[in-house]
Amino acid sequence: MSLEIFNNVPIPHRAERRAYPFEDLEIDQCFMVECADRKHERSVRSSATRWNGMHPDRRYIVRRMPDAGNEFTVGVWRIL
């Protein structure tokens, strides 16, 4: 296998890949994410877990939304 070495390539910031509005949620508000597959759904759940750990004064939960039409649509709520 041959790999090419690059110089001066900027590292993308994680938030540029996929950003969710956790910081914008007030208590009892939510946002929905139409996930393409289970991997994307796990990514949303992982993000909520990470926000729970970084902000102990806030609490987020993630639930599947079976009536949303997409099998992998999830809702994210701020509950504290």
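His40 sits in helix H2 (residues 38-54). Helices (H or I, at least four residues) and strands (E, at least two) are DSSP runs, numbered from the N terminus. The model is predicted: local features need pLDDT of at least 70, side-chain atom pairs count only at pLDDT 80 or more, and totals for chains, interfaces and linings use all residues. Residues are numbered from 1 along each chain as its sequence is written, and side-chain values use heavy atoms, with hydrogens and water left out.

Is His40 buried or exposed? His40 is buried, at a relative accessible area of 12%. Buried means under 20% relative accessible area, exposed means over 50%, and partly exposed is in between (1.4 Å probe, protein chains only).

The His40 side chain makes a polar contact with the side chain of Tyr20, at 3.2 Å. A polar contact is a pair of N or O atoms within 3.5 Å; within protein, one must be able to donate a hydrogen and the other to accept it, and residues adjacent in sequence count only if both atoms are side-chain atoms. A polar atom of the His40 side chain also lies 3.3 Å from the backbone nitrogen of Ala36.

## Aromatic rings

A pair of aromatic rings is described by two things: the distance of the centres and the angle of the planes. Rings of Phe, Tyr and Trp (its six-membered ring) pair if their centres lie within 6.5 Å; planes under 30 degrees apart count as stacked, over 60 as edge-to-face and the rest as tilted. The count here is 6 aromatic pairs.

One of them joins Phe22 and Trp51. This pair is stacked, with 5.4 Å centre to centre and 20° between the planes. Phe22 is in the loop between helix H1 (14-17) and strand E1 (30-34), while Trp51 is in helix H2. The two residues are 29 apart, so the pair links distant parts of the chain. Both are buried.

Trp51 also pairs with Tyr60. Their ring centres are 6.3 Å apart and their planes are at 80°, so this pair is edge-to-face. Trp51 has a relative accessible area of 17%. Tyr60 is buried too, at 2%. Ring pairs link Tyr20, Phe22, Phe31, Trp51 and Tyr60 into a cluster.

## Cysteines

How many disulfides are there? The count is 0. A disulfide is a pair of cysteine sulfur atoms within 2.5 Å. For Cys30, the nearest cysteine sulfur is that of Cys35, 14 Å away. Cys35 is likewise in no disulfide.

Cys30 is partly exposed, at 34% relative accessibility. Cys35 is buried, with a relative accessible area of 1%.
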